[in-house]
Amino acid sequence: MKNIAVIGAGTMGNGIAHTFAQSGFKVKLIDISDASLEKGLATIAKNLDRMVTKEKITVTDKANTLANIETFTSIKDGVKTCDLVVEAATENFDLKLKIFKQLDQHCPENTILATNTSSISITQIASVTSRPEQVIGMHFMNPVPIMALVEIIRGYNTSNSVTNTIMELSKTLGKIPVEVNDYPGFVANRILMPMLNESIETLYNGVAGVLEIDTVMKLGMAHPMGPLQLADFIGLDVCLSILHVMYDGFKNPKYAPCPLLVNMVNAGKLGVKSGEGFYDYSENRKAEKVAKQFLK
């Protein structure tokens with residue numbers, strides 16, 4: 001397995017492409033526009049430069065990594081010779097089903113189809129293909145080149161051989177794969193998202209401010225990043241989407257998104273990606289409590 005296609009050149013997609021390419025795989029990076037692909041490649045180059053500066057890789061390693069990546073704006077053209085496709089598009093159910101229908105149509109019959117979804121059912125995604133036994137979840141963590149964990153999610157029909165192949169493949173990337181079963185949120189987000197949502201509820205209810213909540217969790221619970229800062233980093237829209245999936249899947253009110261989170265997403269305050277969330281990420285990246293305006 002040497003030829004990999006990655007669908008989506010955004011934060012997760014370019015990180016996954018970077019990781020495979022740095023490990024010597026030939027990567028076809030696919031997105032809907034040249035502008036998105038150029039932005040994704042620029043991010044990969046910037047991250048590689050950072051690794052060169054820290055002496056984790058050489059200039060030659062950087063050049064070889066970039067040489068291993070080829071870009072496409074057509075799924076049909078990008079996947080026709082691939083052994084594995086990793087879909088890393090927006091966390092949107094309908095979009096993912098549309099992409100997997102196309103992948104099933106255009107990929108060779110032995111190609112494994114993986115999704116980087118953080119919450120959507122692998123079994124449902126697999127159901128729109130003619131190869132459900134070859135569909136699996138590969139949930140990488142952000143930032144992908146640095147984070148060791150990969151959640152490997154088996155759909156109801158995912159075969160043992162495909163699961164074993166992806167587990168071993170993940171190890172060749174220097175990752176630590178953990179196999180989990182297909183239930184809303186899997187393991188990582190089933191535990192993480194209620195904590196983030198409760199942190200937002202704590203702010204919403206006026207118990208403490210943004211900095212105070214994050215400081216308690218960093219100093220008291222030894223978290224490397226406070227929950228509100230982490231939510232900003234993940235993307236508040238992504239958090240909201242995952243909570244909706246979990247609420248719809250379990251029908252349990254404990255997964256219902258906090259009204260403050262809903263309001264912030266509706267107002268375009270998405271965290272780091274928009275420049276503003278619970279913190280201000282403009283110029284000096286000051287920790288301003290911009291959420292206060294939504295508490296009224």
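Welcome to a predicted model, and let's start with helix H10: its buried residues pack against helix H8 (188-204), helix H9 (210-221) and helix H11 (236-250).

**Helix H10**
- In helix H10 (residues 227-234), the buried residues are Pro-227, Leu-228, Ala-231 and Asp-232.
- These residues sit on the same side of H10, because the arc they cover around the axis is only 145°.
- As background, residues three or four places apart point the same way because an α-helix has 3.6 residues a turn.
- After H10 comes Gly-235, which has a positive phi, near 110°.

**Ile-16**
- Helix H1 (residues 11-22) is where you will find Ile-16.
- Apart from neighbours within four places in sequence, Ile-16 has contacts with Val-6, Val-86, Ala-88, Asn-116, Phe-140 and Val-144.
- Between Ile-16 and Val-238 there are 18 Å in space, C-alpha to C-alpha, and the two are 222 residues apart in sequence.

**Glu-70**
- Glu-70 belongs to strand E3 (residues 69-72).
- Not counting residues up to four places away in sequence, Glu-70 touches Val-27, Lys-28 and Leu-29.
- With Val-27, the C-alpha to C-alpha separation of Glu-70 is 6.2 Å, although the pair are 43 residues apart in sequence.
- With Lys-28, Glu-70 makes a polar contact from side chain to side chain, at 3.0 Å.

Terms used:
Residues are numbered from 1 along each chain as its sequence is written. This is a predicted model: local features need pLDDT of at least 70, side-chain atom pairs count only at pLDDT 80 or more; totals for chains, interfaces and linings use all residues. Side-chain values use heavy atoms; hydrogens and water are left out. Helices (H or I, at least four residues) and strands (E, at least two) are DSSP runs, numbered from the N terminus. Contact means heavy atoms within 4.5 Å. Buried means under 20% relative accessible area, exposed over 50%, partly exposed in between (1.4 Å probe, protein chains only). The arc is that of the directions from the helix axis to the C-beta atoms. A polar contact is a pair of N or O atoms within 3.5 Å; within protein, one must be able to donate a hydrogen and the other to accept it, and residues adjacent in sequence count only if both atoms are side-chain atoms.
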